[in-house]
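This report looks at a ligand and at the space in the protein where it is found. Please keep the sequence and the structure in view while reading.

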Amino acid sequence: MLNDISSTIDLFQQLYSESARAIYFAPGRVNLIGEHIDYNGGKVLPAAISLGIYALISPRQDRKLVLNSLNVPGTVEFNLENEIVYDKKNLWANYPLGVAAALRQANLPLEGANILFQSNLPHGSGLSSSAAIEVLTWFMLQSEFGSSVDEREKIALQCQKVENEFIGVHCGIMDQFAIAMGKKDSAILLDTSTLEHEYIPLELNNYCLVILNTNKKRTLADSKYNERREQCEIALSLLSKKTGIQNLCEATVSQIEKYISEPVIRKRALHASTENQRVLDTCAALRSHDFIAFGNLLNESHRSLKENYEVSGHELDSIVDAAVKSPGCLGARMIGAGFGGCGLSLVEKQYLDDFSRNVKKLYAESTEYKAGLYPCTISDGVHKSTLV
Ligand code: ADP
Ligand code: MG
């Protein structure tokens, strides 16, 4: 929760000369484990986190959307009498405007409104601030102006479509799904191809998750992502000829070792197979509250992403290495596409201060960047806040 939400309420009043009618919140998300396997038929384990975006709203008498964000300068005013299309000059406001366009396309009511966003979620670091602002805008506009709110799964799918088609980013469903469907103290075991899902209890008690921001941009991520996808397709075609499997994550280690001789393709397949198993093992560990096992699985996941999938890099390795060497850490791994962005660590709460100090020091010694640390808990998905 933002400490200064009361000052945001005051700022809304100053900006729009009236009080906010309601406040909504959408969390960011973290994928606990199951990295780079969503496109290989594997399962993922995301959770909504306590860092996220607030939005304050009041209806207007005219047909304008007037959008402000305390995180980005400049007001964007849009007249709803006009067609809503992507426009570079609208900058960040393309996200809420893309949602408005999708609401209109779905024949849902859309009225003029004053909106103010405020976030404590770092942008562009892999915590999915883009999906958070989309899901937040959809849920808020539909709650304020619609007769009833759509099923959350439907909101997730609609917002993924906004990101794919209006914004032009070809993301999967995981981010919007976790943000719409998240549950406090639960992770979501999600099959991204069928949307079949199950809530796995995640009561952190004496532990906490700490996001580790390398502050290095994910420069190589796009080109390497495409290359990895192609390599996995080659691995699957080699295996399916011999074994008939249709899903790379279902291949066993012995099948991979027997049927794939090319060393790079073999390593990619080994990551997919073992990472999928780690997702299942993590669910078992969480069900039995075995945080030591969860920490070890994070470490193994990082090793596989680094050595077999080769999507880490100096900064991610340095921050993960700094974390595992610091007091109270049970395990850590890189998260997201790789080559920069964030890591995730599991830390005993009582050591949090020492842990943070040590990670910052070690990371500064081995890279030119400053580490950003964000302790978080597991939160509910998008919701109306009770603050006003
Ligand atoms: P990620 O989703 O990993 O955080 P993206 O590049 O996909 O990174 O999305 C980040 C973009 O989303 C920002 O550059 C900005 O345009 C928009 N955004 C996210 N949060 C906010 C906010 N609180 N206020 C304004 N724009 C935001
Ligand atoms: Mg994004």
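## Polar contacts of the ligand

An oxygen atom of ligand 1 is 2.6 Å from an N or O atom in the side chain of S129, which counts as a polar contact, that is, a pair of N or O atoms within 3.5 Å. A polar atom in the side chain of S130 lies 3.0 Å from a ligand 1 oxygen atom, and for G126 a backbone N or O atom is found 3.2 Å from an oxygen atom of ligand 1. Taken alone, ligand 1 exposes 570 Å², of which the protein buries 81%; accessible areas come from the Shrake-Rupley method with a 1.4 Å probe.

The model is predicted, so local features need pLDDT of at least 70 and side-chain atom pairs count only at pLDDT 80 or more, while totals for chains, interfaces and linings use all residues. Residues are numbered from 1 along each chain as its sequence is written, chains are lettered from A and ligands numbered from 1 in the order in which they are written, and side-chain values use heavy atoms, with hydrogens and water left out.

## The shell around the ligand

Around ligand 1 there are 16 residues (each with a heavy atom within 4 Å of the ligand), and those that come nearest are S69, H123, G124, S129 and S130. By class, this shell has 5 nonpolar, 10 polar and 1 charged residues, where Gly is counted among the polar ones. Helix α3 (residues 129-145) gives the largest share of the shell, 3 residues.

## The pocket

Ligand 1 sits in the largest pocket, meaning that more than half of its atoms lie within 2 Å of the pocket's grid points. A pocket is an open set of points on a 1 Å grid where a 1.4 Å probe fits, with protein on both sides within 12 Å along at least five of seven lines, and lining residues have an atom within 4 Å of a point.

The largest pocket holds about 1400 Å³ of space. Of the 45 residues that line the largest pocket, E163, V169, C171, D175 and R218 are the closest to its centre.

Technical notes. Polar contact = N/O pair within 3.5 Å; in protein donor to acceptor, adjacent residues only side chain to side chain. Helix = DSSP H or I, 4+ residues; strand = E, 2+ residues; numbered from the N terminus. Points joined across faces, edges and corners; volume = space filled by probe spheres on them.
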